Amino acid sequence: MRDQQLEHALDLCRGARRINVFTGAGMSAESGLDTYRDATTGVWSHVDPQAMASIDAWARDPEPMWAWYLWRAALSRHADPNAGHRALAAWEQLPGVEAITITTQNIDDLHERGGSSEIIHLHGSLFDYRCTICSRPWRGGVSLPLVPDDDTPAHPAGPSARLRPPRCPLCGNLIRPGVVWFGEPLPEREWDAAERAMASADLVLIVGTSGVVFPAAGLPRIAAELGTPILEISPEPTDLTRLCDYSWRSTAATGLPALVDALAGLS
Ligand code: BV8
Ligand code: ZN
């Protein structure tokens with residue numbers, strides 16, 4: 001006998017062919033990666049986002065930021081995709097499903113390593129680096145700090161709180177993380193693809209985002225205005241809950257596998 005909440009979620013999802021899944025940091029929480037705003041543990045509960053995720057901070061003092069991003073890349077590489085990431089990949093294989101697009105605000109690589117095939121990174125990636133000035137991609141590789149197994153992902157950045165970024169071979173300026181900082185525009189190609197995915201979906205899922213960072217958080221409104229069914233999976237209400245047909249009080253690694261197993265007729 002399935003629980004009522006799962007039944008309600010299933011009613012929204014059955015028969016969907018083009019699904020768009022809008023994800024945030026909560027998607028990776030059960031892989032052991034901090035979220036941004038969960039008061040006690042969020043990666044920003046240790047630092048001020050404006051201080052550590054803005055172009056001005058980079059211009060002022062790049063070395064603590066470079067250390068912080070390498071530490072976060074190391075934590076992401078050290079983490080494993082959870083059952084939620086894997087369930088989204090399995091959903092792609094179900095009969096009748098044409099495409100599942102993951103539109104993520106996350107900068108980790110867990111959707112890729114979880115097996116999803118269509119992923120849009122709205123805020124960049126911890127594993128892309130480029131020149132601060134001429135934007136030439138950095139191909140020189142970086143050495144990530146070691147994350148001892150028993151270490152909790154605390155901040156400051158692992159073993160060292162300052163690291164010197166490499167310099168661009170073309171113009172000599174500093175290499176920076178390929179992420180979108182506050183006050184920076186989102187990458188145009190990804191933004192356009194995300195708008196198209198929202199507009200063409202016949203089902204939208206929202207998983208693991210508080211919906212407070214714009215313009216990304218404005219994307220689900222495109223689907224809501226088209227009357228597309230929207231299912232949210234979140235342990236608590238968010239700024240996007242009011243746009244959703246149903247907000248299921250569950251988590252990424254519990255709700256998504258239960259949903260996909262039920263859709264596959266496995267439970
Ligand atoms: C820009 C990369 C303009 C770096 C990030 C209105 C319109 C436009 C802009 C603004 C606007 N209002 C304000 C702004 C400015 C700003 C902004 O939105 N500020 C916020 C704080 C109010 N936006 C910007 O600056 C953007 N740029 O607008 O540029 C422009 C245009 C043209 C030319 C020049 C400039 C850039 C924003 C991108 C910033 N970069 N990340 C880094 O990570 O270090 S943002 C960061 O927040 C991450 O990307 C993150 O993904 C994102 C959103 O956070 P969430 O993912 O939602 O994470 P959060 O912790 O908040 O929530 C987690 C949720 O999961 C919770 O609800 C929790 O309950 C739930 N959860 C927990 N566990 C689980 C779970 N759910 C499921 N399962 C679980 N187990
Ligand atoms: Zn350069």
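Asn 20 is buried in this predicted model, with a relative accessibility of 0%. The residue belongs to strand S1. Apart from residues up to four places away in sequence, Asn 20 touches Thr 101, Thr 103, Ala 197, Met 198, Ala 201, Leu 203, Val 204 and Leu 205. With Thr 103 the link is a polar one, made between the two side chains at 2.8 Å. Leu 70, in contrast, is 50 residues from Asn 20 along the chain, and the two C-alpha atoms lie 30 Å apart.

Strand S1 covers residues 18–23 and also holds Thr 23. Thr 23 has a relative accessible area of 0% and is therefore classed as buried. Its contacts beyond four places in sequence are Ile 102, Thr 103, Thr 104, Gln 105, Asn 106, His 111 and Val 207.

Leu 231 lies in strand S7, which runs over residues 230–233. Its relative accessibility is 0%, so Leu 231 counts as buried. Outside the four places on either side in sequence, Leu 231 is in contact with Ala 9, Leu 12, Cys 13, Val 204, Leu 205, Ile 206, Tyr 246, Trp 248 and Leu 259. Tyr 129 is 102 residues from Leu 231 in sequence, with 34 Å between their C-alpha atoms.

Gly 124 is in strand S4, made up of residues 124–131. A relative accessibility of 13% places Gly 124 in the buried class, because the cut-off for buried is under 20%. When residues within four places in sequence are set aside, Gly 124 touches Asn 106, Ile 107, Gly 178, Val 179 and Val 180. Between the C-alpha atoms of Gly 124 and Pro 187 the distance is 7.9 Å, across a sequence separation of 63 residues.

Pro 62 is found in helix H5, which spans residues 62–78. Pro 62 is buried as well, at 15% relative accessibility. Its contacts, leaving out those within four places in sequence, are Ala 57, Pro 165 and Leu 174. Leu 174 is 112 residues away from Pro 62 in sequence, yet the C-alpha atoms of the pair are separated by 8.7 Å.

Two features of the backbone were noted in loops. Most residues other than glycine have a negative phi, and most peptide bonds are trans. Ser 135, which is not a glycine, has a positive phi of about 65°. This residue is placed in the loop between S4 and strand S5 (175–179). Its relative accessible area is 40%, so Ser 135 is classed as partly exposed. Pro 215 is located in the loop that lies between strand S6 (203–207) and helix H9 (219–226).

Ligand 1 sits in the largest pocket. There are 36 residues around the ligand, of which Tyr 36, Arg 37, Tyr 69, His 123 and Ser 210 come nearest. Polar atoms of the protein approach ligand 1 from both side chain and backbone. In the side chain of Arg 72, an N or O atom is 2.8 Å from an oxygen atom of ligand 1. From the backbone, a polar atom of Gly 208 lies 3.3 Å from an oxygen atom of the ligand. Gly 26 places a backbone N or O atom 3.4 Å from a nitrogen atom of ligand 1. On its own, ligand 1 has 1500 Å² of accessible area, and the protein covers 76% of this.

Methods: Residues numbered from 1 in each chain as written. Chains lettered and ligands numbered in written order. Predicted model: local features only at pLDDT ≥ 70, side-chain atom pairs only at ≥ 80, totals over all residues. Heavy atoms only, no water. Helix = DSSP H or I, 4+ residues; strand = E, 2+ residues; numbered from the N terminus. Buried < 20%, exposed > 50% of the residue type's maximum accessible area, 1.4 Å probe, protein only. Contact = heavy atoms within 4.5 Å. Near = heavy atom within 4 Å. Polar contact = N/O pair within 3.5 Å; in protein donor to acceptor, adjacent residues only side chain to side chain. Areas by Shrake-Rupley, 256 points an atom, 1.4 Å probe, with all protein chains shown as cover. 1 Å grid on protein atoms, 1.4 Å probe; cavity = no way out; pocket = protein on both sides within 12 Å on 5 of 7 lines; lining within 4 Å. Sits in = over half its atoms within 2 Å of the grid points.
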